[in-house]
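Subject: Structure for you to look at

Hi,

Here is the structure I promised to pass on.

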Amino acid sequence: MNNELFVGLDVGTTHVKAAAFRPDGEQLALAVRGYPTHYPHPGWAEQSPEDWQRAVRACLSDLLAGLGHEADRIGAFGLSAHAPSLVPVDAEGHSLLERVPIWQDERSVPQAQSLLDEIGPGWVGLGMPFASFAAKLRWLTETHPAIATHAAFALGVKSYLGLWLTGRLATDPSSEPGSTAEWEDVCRACGWSLDRLPPVFPAGGILGLMREGLSQEFGLRRPVPVALGLNDGGSAVLASGAILPGEGVITLSTNGVVFLVAADPVPAADRLERAIFCWPYLAGRWIIGGQTKAGAASLQWLARIIAGDTAGGADVERLLAEAAGSPVGSRGVSFFPYLMGQGTPRDNPQARGAFSGLTLSTERADLTRAVLEGVAFALRGALEELEQHLPGIERLAVTGGGARSGLWRKIACEILARPLTHSQADSCLGAAMLAAVAVGAYPDAGAAARAMARTSDATVPDPDAVDRYASLYTRFWQQSQLHAAFFQT
């Protein structure tokens, strides 16, 4: 084990990342390749499976070339991916849609409502119901009947790429439905058959060996096992070392999400009413969570709008530096981060984002800080809802691209009124941990997390700022609910 490396491959919303780790969690090499998300209509979000494949190919080629002879030490690859998305494939595993709806896509609201009316809320949990795999599957059968008839399987991102990498088909319980009896009613209501969903493997199980042709393409001397990991949120939770009930992670990535480890699931009716997701994590553990739907994506959007073009990292860094000069409360400016609809505790796909409190004296720094505060306020709303089901949260970490900003971490910990441990790890490390478990390097995920997880010091809130944000949060929540209500169907 001491000589082996473990590679985590994470297919996120904006890019693929591949990273190689030593058994102690030290990152040895990293490769990143991006791809676009297309938003052809309000509430729609699509990606191309061919873009995923190209990015994975480029990432692994870059990573293994950078490792050189060290690549011979790779013991296993682990997979992680965003979910829930819908990829209908033919018998050869080729996507039958040029672009597929991803987790952000909520065109399937009517289909979700039909499922709720016909079979109740028991299926709710793997993502918000209006954007769920089940609702997307019914959308496919209703709007693309010829494709639905021709499809051999309906897959998610991870199972689609796992099939491409290994030739074997499986999903894990955290990502999307599989061919188990609990999904039979959903399949029947969608006009689908259970045998056209992938079999379910436990996260950390070996999916298969990487196909010989791909192994040779990447310069591997031998086929290496590929392990089935968790979805990207679960992988991030594991990477932070959150294993026990009451531990959790906030991710400031494309989405802003609160993930908490729980011993028991939240009842389906509560998930539906309060927009909570709930899915299996590790043995005897569940993840319950809530989302804002647009986290760091809100800041990227602002940077793009201000720049008048696609904004790079330098533009975002400049905005963050300016925002540090704006005071608590952004000089009266509020931002409602509903660019992709409203999330927990009220799922409202029709809600839209907005600034409030603008004056002729408002500066760019105030707009930026208002975005940071608005996302953090929305995270507090999600966290307070989750605390109704899991009181006594003992430890929260924060991770994701947005969490690299010390200012945003400080704002978040003061709005949430609790310390936040910054985890520099991400879903790649979580996937690598499960790859290590899959080949016996560690006996279980808990042992892998204890050995490989890495965190930095906690950001501690200033008591005065906590008090000021408490009153601002009350105002934000009242105003945001009035604003979102205008869009409620």
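Let's start with a sheet: 6 strands line up in the order E3-E2-E1-E5-E10-E9, forming an open sheet with mixed pairing. Helices and strands here are DSSP runs numbered from the N terminus, with at least four residues (H or I) for a helix and at least two (E) for a strand. Two strands pair if DSSP finds at least two bridges between them. At the edges stand strand E3 (27-34) and strand E9 (205-209), each with a single partner strand, so one side of each has no neighbour in the sheet. On average, neighbouring strands of this sheet are turned by 25 degrees against each other, direction ignored. (Axes are lines fitted to C-alpha atoms, for helices over the stretch in contact, and angles run from 0 to 180 degrees between N-to-C directions.)

Before going on, a word on the source. This is a predicted model, where local features need pLDDT of at least 70 and side-chain atom pairs count only at pLDDT 80 or more, while totals for chains, interfaces and linings use all residues. Residues are numbered from 1 along each chain as its sequence is written, and side-chain values use heavy atoms, with hydrogens and water left out.

Strands E1 (residues 5-11) and E2 (residues 15-21) run antiparallel and are joined by 6 bridges; Asp10 has Lys17 in E2 as its bridge partner. Helix H5 (residues 157-166) packs on the sheet and touches E1, strand E5 (74-81), E9 and strand E10 (225-231), with its direction at about 145 degrees to that of E5. Contact, by the way, means heavy atoms within 4.5 Å. Helix H14 (residues 427-438) lies across E1, E2, E5, E9 and E10, at about 135 degrees to E1.

Which parts of the structure does helix H15 pack against? The buried residues of H15 pack against E2, helix H8 (232-239) and H14. Buried means under 20% relative accessible area, exposed over 50%, and partly exposed in between (1.4 Å probe, protein chains only). In H15 (residues 445-452), 6 of the 8 residues are buried, so this helix is largely enclosed by the rest of the structure. Ala445 and Met452 are among them.

Two single residues are worth a click. Gln53 sits in helix H1 (residues 49-67) and is buried, at 18% relative accessible area. Apart from neighbours within four places in sequence, Gln53 is in contact with Tyr160, Leu161 and Trp164. Pro145 belongs to helix H4 (residues 145-150) and is partly exposed, at 48%. Pro145 is 46 residues from Gly191 in sequence, with 9.9 Å between their C-alpha atoms.

Now the other sheet I wanted to show you. Here 7 strands form an open sheet, again with mixed pairing, in the order E13-E14-E12-E11-E17-E18-E19. Its edge strands are E13 and strand E19 (458-459), each pairing on one side only. Helix H12 (residues 364-387) packs on this sheet, touching strand E11 (247-252), strand E12 (256-262), E14 and strand E17 (395-399), and its direction makes about 25 degrees with that of E12. Helix H13 (residues 406-416) packs on the sheet too, touching E11, E17, strand E18 (420-422) and E19, at about 155 degrees to the direction of E18.

Zoom in on E13 (residues 277-280) and E14 (residues 286-291): they pair in the antiparallel sense over 4 bridges. Cys278 has Ile288 in E14 as its bridge partner, and Pro280 stands opposite Trp286. The hairpin has 5 residues between the strands, and there Gly284 takes a positive phi near 75 degrees.

How many disulfides does the structure hold? The count is 0, where a disulfide is a pair of cysteine sulfur atoms within 2.5 Å. For Cys59, the closest cysteine sulfur is that of Cys428, 8.1 Å away, which is too far for a bond. As for Cys278, the nearest cysteine sulfur is in Cys187, 20 Å away. Cys59 is buried at 0% relative accessibility, and Cys278 is buried at 3%.

Last, the overall picture: the protein chain has 16 helices and 19 strands, and 61% of its 489 residues count as buried.

Cheers
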